[in-house]
Amino acid sequence: MPKRQIIHAPGAAEHVNPTPQAVRMGSMMFTSLITGRDPVTREYPKDIDAQVRLAFSGLRAIMEGAGGSLDNVAHLAIYLATRKDRPHLNPVWEEIGRAHV
């Protein structure tokens, strides 16, 4: 069985709980919760557009920290606080995510 490798990416927000940003097992990598929190201030911007961009930026940083890219993402589940936030997600999804995921 492959050994578990913890992935830490400086460009992504750290978790409040003692949970790694990602774990690699062999050629597979699994991320835990990636949020729209600013990795420097550790605060959530009030602007939902900024939160969406930070979440995708965090995912990119984690993937690159593991030696990959967004092109290596096989599945992505996105959870929003409310469906009313969906129009804020879609443009960023089109620009950043959808081409890769």
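Buried, in this talk, means under 20% relative accessible area; exposed means over 50%, and partly exposed is in between, with a 1.4 Å probe and protein chains only. Keep that in mind for Thr 35. At 18% relative accessibility, Thr 35 counts as buried.

Now the ground rules. This is a predicted model, where local features need pLDDT of at least 70, side-chain atom pairs count only at pLDDT 80 or more, and totals for chains, interfaces and linings use all residues. Numbering starts from 1 along each chain as its sequence is written, and side-chain values use heavy atoms, with hydrogens and water left out.

The overall fold, then. The protein has two helices and three strands. Both kinds of element are DSSP runs, numbered from the N terminus: helices are H or I with at least four residues, strands are E with at least two. From the N terminus on, the order is β-β-β-α-α. The radius of gyration is 14 Å, close to the 13 Å that the globule rule gives for 101 residues, so the protein is as compact as a globular protein of that length. That radius is taken over C-alpha atoms, and the rule is 2.2 Å times the number of residues to the power 0.38. Along the principal axes, the C-alpha trace spans about 45 × 30 × 20 Å.

Of the 101 residues, 28% are buried. Contact means heavy atoms within 4.5 Å. Take the contacts with a separation of 6 or more: residues 24 or more positions apart account for 41% of them.

On to the inside. Nonpolar side chains tend to be buried together in soluble globular proteins. A nonpolar core here is a set of buried Ala, Val, Leu, Ile, Met, Phe, Trp, Tyr and Cys residues joined through side-chain atoms within 4.5 Å. The largest one has eleven residues, including Val 52, Phe 56, Leu 70, Val 73 and Trp 93. Which elements give two or more residues to this core? They are H1 and helix H2 (86-97). H1 supplies the largest share, five residues. Another core lies apart from it, with seven residues, among them Ile 7, Ala 9, Ile 62 and Ala 66.

Leu 70 deserves a word of its own. This core residue is found in the loop between H1 and H2. Leu 70 is buried, with a relative accessible area of 4%. Leu 70 and Phe 56 are 14 residues apart along the chain, and their C-alpha atoms are separated by 9.3 Å.

His 75 is found in the loop between H1 and H2. Is His 75 buried or exposed? Exposed, with a relative accessible area of 65%. From His 75 to Ala 9 is 66 residues in sequence and 20 Å in space, C-alpha to C-alpha.

Now the loop between S3 and H1, where Thr 35 lies. Leaving aside neighbours within four places in sequence, Thr 35 is in contact with Tyr 44, Leu 54 and Ala 55. Arg 42 is found in the loop between strand S3 (28-31) and helix H1 (48-65). Arg 42 is not a glycine, yet has a positive phi of about 65 degrees. Its relative accessible area is 39%, which makes Arg 42 partly exposed.

Last, the surface and charges. The protein exposes about 6,900 Å², and carbon and sulfur atoms supply 54% of it. Those areas come from the Shrake-Rupley method with a 1.4 Å probe; for residues, only the protein chains shown count as cover.
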